[in-house]
Amino acid sequence: MRIFNLILVLIVSGAFISSKPYFKDEPNSMEIERINFRIDEMKSMLKANSKYNSKIAFFVDMRIPSGKNRFFVYDLQNNKIIDQGLVAHGCGSETGIKGDLKFSNAPNSNCTSLGRYAIGSNYNGMFGKAYRLSGLDETNSNAYKRAIVLHHYSAVPYDEQDHYISRSHGCPMVNEQFFKRIEKIIDSSKSNILLDIYY
């Protein structure tokens with residue numbers, strides 16, 4: 001009887017799973033609107049170019065404060081966020097106004113560059129394992145030249161904070177525990193996963 005009740009609960013709860021993005025904390029309507037727009041753009045791009053992974057994509061919303069989860073692992077087939085974590089932005093993106101960032105594709109700017117990236121091969125660098133990023137838009141076309149990579153760093157906290165976290169030199173830099181989870185997704189993918197950084 002207990003097993004039957006458990007199955008019934010699972011079936012009923014499954015019926016209420018939403019196709020909308022899932023956030024740990026209740027998002028505001030602008031956050032949902034931004035990610036939904038980027039998801040639609042990503043799906044259109046993937047339909048036109050089948051060489052990239054069409055099941056999973058990564059999204060980073062730079063309007064969300066760095067102390068809050070803003071790196072989202074998105075299941076494109078089931079239309080839901082399956083993981084999320086903190087990610088640093090470039091120190092050059094600071095404007096001196098809280099919550100207001102600037103972006104640049106210029107070498108030595110130490111800024112985050114907006115746009116879509118293809119996550120490429122990994123290598124061992126000064127922070128350990130890292131993934132090379134190729135910019136696919138005019139706004140991030142210098143990513144490879146600037147050595148913009150996806151990597152982890154010990155100073156990036158795991159849990160959400162009420163204050164801003166450490167900054168990078170332009171790289172999307174995450175916590176080591178979170179990195180280990182996305183590393184498994186990247187390494188098991190037969191095609192390049194796309195990362196979209198937007199504002």
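Analyst: A residue is called buried if its relative accessible area is under 20%, exposed if the value is over 50%, and partly exposed in between (1.4 Å probe, protein chains only). This is a predicted model in which local features need pLDDT of at least 70 and side-chain atom pairs count only at pLDDT 80 or more, while totals for chains, interfaces and linings use all residues. Residues are numbered from 1 along each chain as its sequence is written, and side-chain values use heavy atoms, with hydrogens and water left out.

User: Is Asn108 buried or exposed, and how do you know?

Analyst: The relative accessible area of Asn108 is 75%, so this residue is exposed. Asn108 also sits in the loop between strand E4 (87–88) and E5, and its C-alpha atom is separated by 8.5 Å from that of His169, 61 residues apart along the chain.

User: What makes the phi of Asn108 worth a remark?

Analyst: Most residues other than glycine have a negative phi. Asn108 is not a glycine, yet its phi is positive, at about 65 degrees, and Asn110, also a residue other than glycine, has a positive phi near 60 degrees.

User: How do you know which pattern the chain follows?

Analyst: The DSSP runs give three helices and nine strands, and reading them along the sequence gives α-α-β-β-β-β-β-β-β-β-α-β. Of the 199 residues in the chain, 45% are buried.

User: What makes Phe58 and Phe71 an aromatic pair, and which kind of pair is it?

Analyst: Rings of Phe, Tyr and Trp (its six-membered ring) pair if their centres lie within 6.5 Å, and the planes are stacked under 30 degrees apart, edge-to-face over 60 and tilted otherwise. By this rule the count comes to six aromatic pairs. The centres of Phe58 and Phe71 are 5.4 Å apart and their planes make an angle of 50 degrees, which puts the pair in the tilted class. This pair links distant parts of the chain, with Phe58 in strand E1 (residues 52–61) and Phe71 in strand E2 (residues 71–75), 13 residues apart. Phe58 has 0% relative accessibility and therefore counts as buried, and Phe71, at 0%, counts as buried too. Ring pairs link Phe58, Phe71 and Phe178 into a cluster.

User: Why does Val73 count as buried, and which residues does it touch?

Analyst: Val73, a residue of strand E2, has 0% relative accessibility, so it counts as buried. A contact means heavy atoms within 4.5 Å, and, not counting residues up to four places away in sequence, Val73 touches Phe58, Phe178, Ile182 and Ile185, among others. Val73 and Ile185 are 112 residues apart along the chain, but their C-alpha atoms are separated by 9.4 Å.

User: How do you know that Arg63 lies over the face of Tyr199?

Analyst: A charge sits over a ring if NZ of Lys or CZ of Arg is within 6 Å of the ring centre and within 35 degrees of the ring normal. Arg63 is at 4.0 Å from the ring centre of Tyr199 and lies over its face. Both residues are touched by Arg34, whose contacts include Asp61, Arg63 and Tyr199. Arg34 is placed in helix H2 (residues 29–48), and at 16% relative accessibility Arg34 counts as buried.

User: What makes the largest pocket a pocket, and how much space lies in it?

Analyst: On a 1 Å grid over the protein atoms alone, a pocket is an open set of points with protein on both sides within 12 Å along at least five of seven lines, whereas a cavity is a set where a 1.4 Å probe fits but cannot get out; lining residues have an atom within 4 Å of a point. About 380 Å³ of space lies in the largest pocket, where a volume is the space filled by probe spheres set on the points, which are joined across faces, edges and corners. The lining has 21 residues, and the closest to the centre are Phe127, Ala147, His151, His169 and Cys171. Strands E5 (115–125), E6 (128–135) and E7 (149–152) each give two or more residues to the lining.

Key:
Helix = DSSP H or I, 4+ residues; strand = E, 2+ residues; numbered from the N terminus.
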